[in-house]
Amino acid sequence: SPAAIIAPSILSADFADLGNECSTKIKQGADWLHIDVMDGHFVPNITLGAPIVTSIRDHVERPSVKHGKGTFDCHMMVAEPKRWVKNFQEAGCDLFCFHYEAAINSTAAETPDGDSDLNTNPKEMIRYIHELGMLAGIAIKPETKVDVLWDILGSKNEKEVPDMVLVMTVKPGFGGQSFMPEPLTKVEELRKRYPDLNIEVDGGLGPGTIDQAAVAGANVIVAGSAVFGKPDPAAVITLLRDAVEK
Ligand code: DX5
Ligand code: ZN
């Protein structure tokens with residue numbers, strides 16, 4: 001597997017002290033920051049939008065290399081994700097991860113810059129994200145079959161190939177839920193076919209669940225409630241990294 005990447009989810013941070021929470025997590029050993037964007041339509045919860053990303057960007061230096069420390073990994077739990085690609089790029093997002101289910105269910109709408117050609121094709125979404133200079137991720141909910149990804153991952157056009165696949169291990173919408181082991185079979189299948197792919201797992205990860213995710217082949221680990229508000233976040237980050245690298 002590729003190198004371990006630990007991405008604390010800021011959803012569990014103290015929002016009144018967000019800039020400091022973010023820079024502290026990087027100092028405590030985090031690689032990326034996982035930023036959960038929810039719009040109240042794709043999921044039954046609202047979190048944050050581009051202005052917050054702009055604000056925290058001032059507290060976390062932009063990565064100097066692709067996938068580097070300080071990468072803003074924006075997990076877009078939004079309907080019609082194409083509307084927000086440019087908006088988030090301008091705010092300082094480095095990796096735009098949209099949901100497969102949202103892309104294919106999009107209806108016609110305009111992007112903020114007046115582009116009315118709203119594309120529901122995941123491959124074209126990935127190309128659009130790449131054209132704007134960001135890394136592209138594609139996420140699938142627990143009930144979505146991994147088979148929907150084979151055509152996308154197998155694209156002959158490298159601009160249409162995602163830099164990361166996110167396999168959700170909870171129903172998207174809230175932090176602090178219990179880990180679901182079933183989606184790990186999807187991680188295993190992805191890892192078998194794509195030894196170098198960044199495979200992210202998100203939801204319920206912590207000291208008690210990391211080993212099974214690591215064995216399945218995940219290398220990008222999101223953890224919200226297991227890291228924030230804990231007495232020793234640095235130790236948890238190290239534990240997660242060691243589990244992936246052993
Ligand atoms: C769930 C979010 C997750 C969540 C993770 O919809 O995508 O990123 O915040 O939180 P924990 O680690 O507490 O399950
Ligand atoms: Zn997330």
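In this predicted model, a polar side-chain atom of His75 lies 3.2 Å from an oxygen atom of ligand 1, a polar contact being a pair of N or O atoms within 3.5 Å; within protein, one must be able to donate a hydrogen and the other to accept it, and residues adjacent in sequence count only if both atoms are side-chain atoms. The backbone takes part as well: an N or O backbone atom of Gly204 is 2.8 Å from an oxygen atom of ligand 1, and a polar backbone atom of Gly224 is 2.8 Å from an oxygen atom of the ligand. On its own, ligand 1 has 380 Å² of accessible area (Shrake-Rupley method, 1.4 Å probe), and the protein covers 100% of that area.

The shell around ligand 1 holds 20 residues (a heavy atom within 4 Å of the ligand), of which Asp36, Gly173, Asp202, Gly224 and Ser225 come nearest. By type, the shell divides into eight nonpolar, ten polar and two charged residues, with Gly counted as polar and Asp, Glu, Lys and Arg as charged. At least two shell residues each come from β2 (32-38), β3 (71-77) and β8 (220-223), strands being DSSP runs (E) of at least two residues and helices runs (H or I) of at least four, numbered from the N terminus. Strand β2 gives the largest share, three residues.

Ligand 1 takes up the space of the largest pocket. A pocket is an open set of points on a 1 Å grid over the protein atoms alone, where a 1.4 Å probe fits, with protein on both sides within 12 Å along at least five of seven lines; lining residues have an atom within 4 Å of a point. A molecule sits in a pocket if more than half of its atoms lie within 2 Å of its grid points.

Ser9 is found in the loop between β1 (5-8) and α1 (18-27).

Residues are numbered from 1 along each chain as its sequence is written, with chains lettered from A and ligands numbered from 1 in written order. Local features need pLDDT of at least 70 and side-chain atom pairs pLDDT 80 or more, totals for chains, interfaces and linings use all residues, and side-chain values use heavy atoms, without hydrogens and water.
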